[in-house]
Amino acid sequence: MLLNDFSFFLQTNLIFGKGKIKYLVDSISNFGWKKLALVLDAGPEKNVLWQEVEKEISQKHEIVARLVTEVREPTYDYLDQVRQSFMGKTIDGFIVMGGGSVMDVGKALSVLVTNTEPAIHYRGFDLIKNPGIPVIAIPTTAGTGSEVTPNAVFIDTKEKRKFGINTTMYIPKLCILDSLLTVSCPRHVTISSGMDALVHAHESFVSKKATPITQLFAKEAFKLVFNAIKNVVNSPQDIDARAQVQLGSYMAAIALFNSSAGPAGAMSYPLGVDYEV
């Protein structure tokens with residue numbers, strides 16, 4: 001079989017497994033980070049497991065900025081508003097914990113503290129010029145895959161347009177996939193996130209830019225999510241099924257950003273702008 005030339009990109013280290021969030025503090029220390037910025041999803045932030053970990057973080061490191069947010073469809077105006085709490089501070093690393101929208105906000109903030117034009121100035125691809133602050137990503141939903149991608153999507157409220165800040169400079173240095181942190185995810189979010197992962201796997205597999213490696217990731221991702229999502233919905237405490245969906249989402253995102261999206265991704269943008277879907 002004749003193979004076409006292709007490239008494959010992946011720069012995020014992964015810690016996967018039930019209870020692995022306990023390794024976060026050691027990871028921070030291993031990176032040599034002293035001063036931290038936290039961007040947290042308001043729902044999972046109340047998770048007892050997370051609160052125990054954050055308490056340990058605060059005992060060993062200095063938290064210089066902390067944002068707790070409920071944002072669903074973040075805007076560029078919102079980025080400019082919340083970035084003020086992070087500007088002018090010495091930050092060694094960002095810890096971002098939450099769903100896809102919160103993940104996008106945290107990634108964007110990590111580069112907006114070193115690139116000081118209004119956030120809308122960086123809308124597009126590879127417009128970030130100064131390296132940002134490194135990120136550890138801890139997703140609490142299983143669908144967007146933002147914890148591993150060079151994409152973060154925001155709404156321009158003036159143009160009524162959804163288009164992101166896209167750069168490799170905020171791709172997380174480390175991702176921790178702990179299925180225990182997804183148990184509190186609402187049922188409807190669990191379902192929609194799982195469908196998001198399935199769409200990522202399907203569209204990347206049939207993409208004209210698909211490669212043998214992306215199709216391997218996409219195929220395995222689809223199987224993991226498809227075979228487990230029903231169990232997660234019907235038995236929310238099924239940690240093993242949640243882990244399968246979480247890993248499938250992660251792998252689907254890797255396949256997607258190394259190939260391309262399709263019509264479903266394109267159609268989601270106007271729906272997000274007009275209906276917050």
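The structure is a predicted model, in which local features need pLDDT of at least 70, side-chain atom pairs count only at pLDDT 80 or more, and totals for chains, interfaces and linings use all residues. Residues are numbered from 1 along each chain as its sequence is written, and side-chain values use heavy atoms, with hydrogens and water left out.

**Helix 1 and helix 2**

- Helix 1 (residues 24-31) and helix 2 (residues 48-60) pack at an angle of about 30°, with their axes 9 Å apart; helices are DSSP runs of H or I with at least four residues, and strands are runs of E with at least two, numbered from the N terminus.
- Axes are lines fitted to C-alpha atoms, for helices over the stretch in contact, and angles run from 0 to 180 degrees between N-to-C directions.
- Helix 1 and helix 2 are therefore roughly parallel to each other (angles under 35 degrees).
- Leu24, Val25 and Ile28 of helix 1 make the contact with Trp50, Val53, Glu56, Ile57 and Lys60 of helix 2 (contact means heavy atoms within 4.5 Å).

**Ser179**

- Ser179 sits in the loop between strand 11 (174-177) and helix 5 (187-206).
- Ser179 is buried, at a relative accessible area of 2% (buried means under 20%, exposed over 50%, partly exposed in between, with a 1.4 Å probe and protein chains only).
- Not counting residues up to four places away in sequence, Ser179 touches Gly17, Lys18, Ile239, Arg242, Ala243 and Gln246.

**Pro270**

- Pro270 belongs to helix 8 (residues 263-275).
- Pro270 is partly exposed, with a relative accessible area of 44%.
- Pro270 and Lys173 are 97 residues apart along the chain, and their C-alpha atoms are separated by 31 Å.

Definitions and conventions. Parallel < 35°, antiparallel > 145°, perpendicular 65-115°, else oblique.
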